[in-house]
Amino acid sequence: MSVAAMVASRLEITDEEFLNYASFFGFFSGGYIGLTSIITVDLVGLNKLSNGMGIILLFQGIATAIGTPVAGVLRDIFEAHANPFLWSYFIFGGFVVLSGGILFAIPTLIRRQKAQQNTTKHQADINILSH
């Protein structure tokens, strides 16, 4: 969706097309809210859900607090360009794409960590039995 947001900002679209796009985006971004707690449980476990949600909300609050001033600074920096606000879309949209890529990598990293822990436990069992 963030790639679509970056592309849509570059296109000259009518108000009706933008309304359709915003409705589509809003419908599918609503799934993010519902899945946040489920994904958090998968990552940190049920016993640490409140801690995980607290950290998520902390980072969302920080991003909300600094996002608008940073967008304004980017607008001032790129003021000489035809669309100075366009660069904020590209930069922040790129961060959203990057975070999505990181989320795809997390299950692989968790599997690798569990395999490494199992190997270490197996080696410890072998050492206990050999002594």
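**Helices, surface patch and salt bridges of a predicted chain**

The span of residues 53-74 is 100% helix and 0% strand, and its end C-alpha atoms lie 30 Å apart, where helices (H or I, at least four residues) and strands (E, at least two) are DSSP runs numbered from the N terminus. The structure is a predicted model, in which local features need pLDDT of at least 70 and side-chain atom pairs count only at pLDDT 80 or more, whereas totals for chains, interfaces and linings use all residues. Residues are numbered from 1 along each chain as its sequence is written, and side-chain values use heavy atoms, with hydrogens and water left out. Over residues 86-106 the chain is likewise 100% helix and 0% strand, with end C-alpha atoms 31 Å apart.

The protein chain as a whole has four helices and zero strands, and from the N terminus on its elements run α-α-α-α. The predictor's confidence in each residue is expressed as pLDDT, from 0 to 100; its mean over the protein chain is 80, and 82% of the residues reach 70 or more. Among the elements, helix H3 (residues 49-77) has the highest mean pLDDT, 88, while helix H1 (residues 2-10) has the lowest, 63. Where pLDDT is low, the predicted coordinates should not be read in detail.

Of the 131 residues in the protein chain, 11% are buried, a class that means under 20% relative accessible area, with exposed meaning over 50% and partly exposed lying in between (1.4 Å probe, protein chains only). The protein chain exposes about 10,400 Å², of which carbon and sulfur atoms supply 69%; accessible areas come from the Shrake-Rupley method with a 1.4 Å probe, and for residues only the protein chains shown count as cover. Among contacts (heavy atoms within 4.5 Å) between residues at least 6 apart in sequence, 40% join residues at least 24 apart.

Helix H2 (residues 15-44) supplies the largest share, five residues, of a nonpolar patch. This surface patch is formed by Leu35, Ile38, Ile39, Leu43, Val44 and Leu103, which together have about 490 Å² of accessible area. Patches are made of residues with over 30% relative accessible area and no salt bridge, like charges being joined within 9 Å and nonpolar side chains (Val, Leu, Ile, Met, Phe, Trp, Tyr) within 5 Å. Valine 44, placed in helix H2, counts as partly exposed because its relative accessibility is 35%.

Threonine 40 lies in helix H2 and counts as buried because its relative accessibility is 5%. When neighbours within four places in sequence are left aside, threonine 40 is in contact with Gly45, Leu49, Gly52, Met53 and Ile56. Threonine 36 is also in helix H2, and with a relative accessible area of 12% this residue is buried; not counting residues up to four places away in sequence, threonine 36 touches Met53 and Ile56.

The structure holds two salt bridges, each defined as a side-chain nitrogen of Lys or Arg within 4 Å of a carboxyl oxygen of Asp or Glu. In one of them the side chains of arginine 75 and aspartate 76 meet at 3.2 Å, N to O, and in another the side chains of glutamate 79 and arginine 75 meet at 3.7 Å, N to O. Arginine 75 is partly exposed, with a relative accessible area of 25%, and glutamate 79, at 48% relative accessibility, counts as partly exposed.
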